[in-house]
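My notes are kept in the order in which I looked.

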Amino acid sequence: MTAPRTMFEKIWQRHVVVDRPDGYTLLYVDRHLMHDGSSPAYTRLKARGMGLRRPDRAAATPDHYVKTDSRTKDVPDPDHRRLLNDITTNCNETGVTLFDLGDARQGIIHVVGPEQGLSQPGLTLVCGDSHTSTHGALGALAFGIGSSEVTHVMATQCLWQRKPKSMRITVDGSLSPHITGKDIILAIIGKIGAAGAVGHVMEYAGSAIRGLSMEGRLTLCNMSIEAGGRAGMVAPDDITFAYLKGKPFAPKGENWDKAMAFWKTVPTEDGASFDREVTLNAAEIAPMVTWGTSPEDVLSINGRVPDPASAPDAGKQENMKRALEYMDLKPGTPMDTVAVDRVFIGSCTNSRIEDLRAAAAVAKGRKAQIPAWVVAGSGLVKQQAEAEGLDRIFREAGFDWREPGCSMCIGVNGDVGTRGQRIASTSNRNFVGRQGQGVRTHLVSPAMAAAAAVTGRFTDVRKLLG
Amino acid sequence: MDAFTTLTAVAVPLDQANIDTDQIIPARYLGKLRPEQVDGYFHDFRLDANGRPREGVTLNNPAYKEAKIMVANYNFACGSSRENAVTVMVDNGFRAFIAPSFGDIFFNNCFQNGCLPIRLPADRVARIRVILHELPGAEIAIDLPSQTVIGPDGQKDSFEIDPFRKDMLLKGADEVKITLGYETDIAAFEARQRQEMPWL
């Protein structure tokens, strides 16, 4: 009898094309997602005189460089204009499915993939973007790659990989009200550190994870990379299957039954062992806020800015001092007294319908005290939100309701803050300069971002909603 | 791709842990063509709001100007998958990185660009950084065939590297070409998958 296997192990083994004696594996890629940053990879492919081996397994949408105040491709920056035109030309020339600007299906690639049913259990999925770990929420092995590897996948539909190690993060117990996938993943990163999962594929398990909606799981897996993880995944279950049913690229009819039979075999088998195990108690997780310049610099909204004097070693102390100086925070300051200048609700981490509902529940009947943007993750999310009247709630509360794209998460489209601004952001990275030169980013959940917007400072959302 | 065999060069220390690829090249440079990205190299890390060199930043010290090796701290080049983080380093003269650990995607991207990322134990890397601070402009010698690094103090350390990656670097091999050599295997895989997963 063979030993029980993890979900990762099973997906990996199923996709081995060649196992070399030196331990390197040629792994088959089932799904390849692309965005407007894929242009250099196409250029290299063309220079080889090659096309895509499997255009039928690729899909693309522009997200990084699109404007969020209009749908024009005629953006002011000539480099960005070129990238937005390149993706159209390249996809049309090579027969790749494209959800282009003007199509309601356009959006952030990590929102669009699951939404279209392209991301499915048991698949290998890659994209030239580190947040590809998102798609693991459906029980896929999904990870980000560099531009040269994108060319390699285009040309061969395969990647050379050394098998990563495995790690299981078990979160058991009941979450308090208003605690989301974002708070869970921030708590995990706070516990294991930004390098805590380097070289590992993370599987999230436990009752609190199984209780999360698909949106919550997507948020959770999205930030696996912020813990250093190669990928993050959640076992597919009835929530996954219900989410996929009827999606445009999900299997239909007889194929649905065949796929379901396979999908049910994907989860980790009882007794399978992981290289590392980490556990968290769901009941202890509070709304989280980052205070520094790495996602590991995180604490509860009820906490105080830490003192570098408490650091375990001189190196960490120096890092903390530098972070606090950049963030303009003093040790001992209660987080819920820190004033915020601006709010961003969006990104591949938190721009799905459930995220917008959670933010709207806080905004409803209140007024934004500071500029606050809401950038839906896709045209379809935006339509859904408008059908539910969420846009009206946001507008009446003084929030700016914008067109889909990566926007202020990375700011390459020009959506950036101004030097010195403090932003409560539902995105994934609080790195120095991430949202603009000299801009201070604090990562929070959508409800916490909305709470900051209506109070002008970090506020425990539970105090507003009871 | 340029081959990598041996490299003896000035090494520059970078003490901060968790240096992310946004520090190595800020996002606003990413949409540009490669020749226009060269100035993006640690731009905001090196220079203040007025474009003046920040004090105490090793990358601004002329003694390290000829550096081709960077000696960093743990989780070096974490974050975004931007391959520009490797290419902008290459375009500023770098070919090798030594750290206790790396962001996985950056680590893989190095091999696509003829660069060698070397993992050494944290205490040894810390010691090398101390020496490089004490002796700015000191050299490190890297020998890929024997998988050794000779530090500025003369101490020789061995490092691990996947034989596949080592071979590719030594030959400056074209990975796509190598993979195309496995065409029969790929086609067989696809035929099998069409049977097993007809919904794809």
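**Ground rules.** I am working with a predicted model, in which local features need pLDDT of at least 70 and side-chain atom pairs count only at pLDDT 80 or more, while totals for chains, interfaces and linings use all residues. Residues are numbered from 1 along each chain as its sequence is written, and chains are lettered from A and ligands numbered from 1 in the order in which they are written.

**Chain B.** I looked up the secondary structure of chain B and found 8 helices and 7 strands. Helices (H or I, at least four residues) and strands (E, at least two) are DSSP runs, numbered from the N terminus. Along the principal axes, the C-alpha atoms of chain B fill a box of roughly 65 × 40 × 25 Å. Of its 200 residues, 40% count as buried. A residue is buried if 20 or more other C-beta atoms, placed from the backbone, lie within 10 Å of its own.

**Chain B against chain A.** How many residues of chain B are in contact with chain A? I read 43, and they meet 58 residues of chain A. Contact means that the C-beta atoms of two residues, placed from the backbone, lie within 7 Å. On the chain B side, α1, α4, α6, α7 and α8 each supply at least two residues. That side divides into 19 nonpolar, 14 polar and 10 charged residues. Here Ala, Val, Leu, Ile, Met, Phe, Trp, Tyr, Cys and Pro count as nonpolar, Asp, Glu, Lys and Arg as charged, and the others, Gly among them, as polar.

**Domains of chain A.** The domain assignment, automatic or from a database, gives domain 1 (7–277) and domain 2 (291–461). Their C-alpha centres lie 24 Å apart. I found 38 residues of domain 1 in contact with 35 residues of domain 2. On the domain 1 side, α6(A) gives the most, with 5 residues.

**The core.** The largest nonpolar core has 200 residues. Such a core is a set of buried Ala, Val, Leu, Ile, Met, Phe, Trp, Tyr and Cys residues joined through C-beta atoms within 7 Å. V343(A), A359(A) and I98(B) have the most contacts inside this core. Helix α15 (residues 446–455) of chain A gives the most to this core, with 8 residues. Why does this core lie between the two domains of chain A? Both domains give residues to this core, so it lies between them. Lastly I checked A359(A), which touches several residues, including I345(A), V374(A) and P446(A).

Methods. Buried ≥ 20, exposed ≤ 12 C-beta atoms within 10 Å, placed from the backbone. Lists of a residue's contacts leave out its neighbours within four places in sequence.
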